[in-house]
Amino acid sequence: MVRRKSSPRSLSVRPREEKRNNTDIITHKGKKQSRVLREIKYLRKSTNLLIPKISFARLVKEIIIEIFPRQDISRMQASALEALQEATEMYIVQFFEDAVLLTLHAKRVTLMRHDMILMRRLRGRDDIINR
């Protein structure tokens, strides 16, 4: 047995509802994108260091031993190490900022490996990381 509606369907056309203004609506995607860029801007303005000093000093010492294995370089001035760390962090923050812009250009939220590879290619051979 087939079920049917009790009253026949109306053939009259309903007028379309007025379109809503989407200018007042803020999407979640817009919030996430702006949050990442705001965090990067905050990190650029801050003066505190992001990488712990002892970990960075250990890494620098390891790199120096790898580059100059026969020379016994065991000491570094604190000011030289601090200057090196500031320059390193500044470069890293700028690099990630540009990579995030590439991610947003691709209409994604997640920063991926190929975004960073493309960023290295766009910066060219003169960039310090490509030497």
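Trainee: Where is Ile-63 found in this chain?

Mentor: Ile-63 sits in helix α2, which covers residues 53-67. Keep in mind that we are looking at a predicted model.

Trainee: Why is Ile-63 called partly exposed?

Mentor: Its relative accessible area is 41%. Buried means under 20% and exposed means over 50%, so Ile-63, at 41%, falls in between and is called partly exposed.

Trainee: Let's turn to Asp-115. Which helix holds Asp-115?

Mentor: Asp-115 belongs to helix α4, residues 113-123.

Trainee: How do you know whether Asp-115 is buried or exposed?

Mentor: Compare its value with the cut-off: Asp-115 has 3% relative accessibility, and buried means under 20%. Therefore Asp-115 counts as buried.

Trainee: What does the side chain of Asp-115 reach?

Mentor: That side chain reaches the backbone nitrogen of Met-112 at 3.1 Å. Leaving aside neighbours within four places in sequence, Asp-115 is also in contact with Ala-99, Leu-102, Thr-103, Arg-108 and Thr-110.

Trainee: How many helices and strands does the chain have?

Mentor: Four helices and zero strands, and the order from the N terminus is α-α-α-α. Of the 131 residues in the chain, 15% are buried.

Conventions: Residues are numbered from 1 along each chain as its sequence is written. This is a predicted model: local features need pLDDT of at least 70, side-chain atom pairs count only at pLDDT 80 or more; totals for chains, interfaces and linings use all residues. Side-chain values use heavy atoms; hydrogens and water are left out. Helices (H or I, at least four residues) and strands (E, at least two) are DSSP runs, numbered from the N terminus. Buried means under 20% relative accessible area, exposed over 50%, partly exposed in between (1.4 Å probe, protein chains only). A polar contact is a pair of N or O atoms within 3.5 Å; within protein, one must be able to donate a hydrogen and the other to accept it, and residues adjacent in sequence count only if both atoms are side-chain atoms. Contact means heavy atoms within 4.5 Å.
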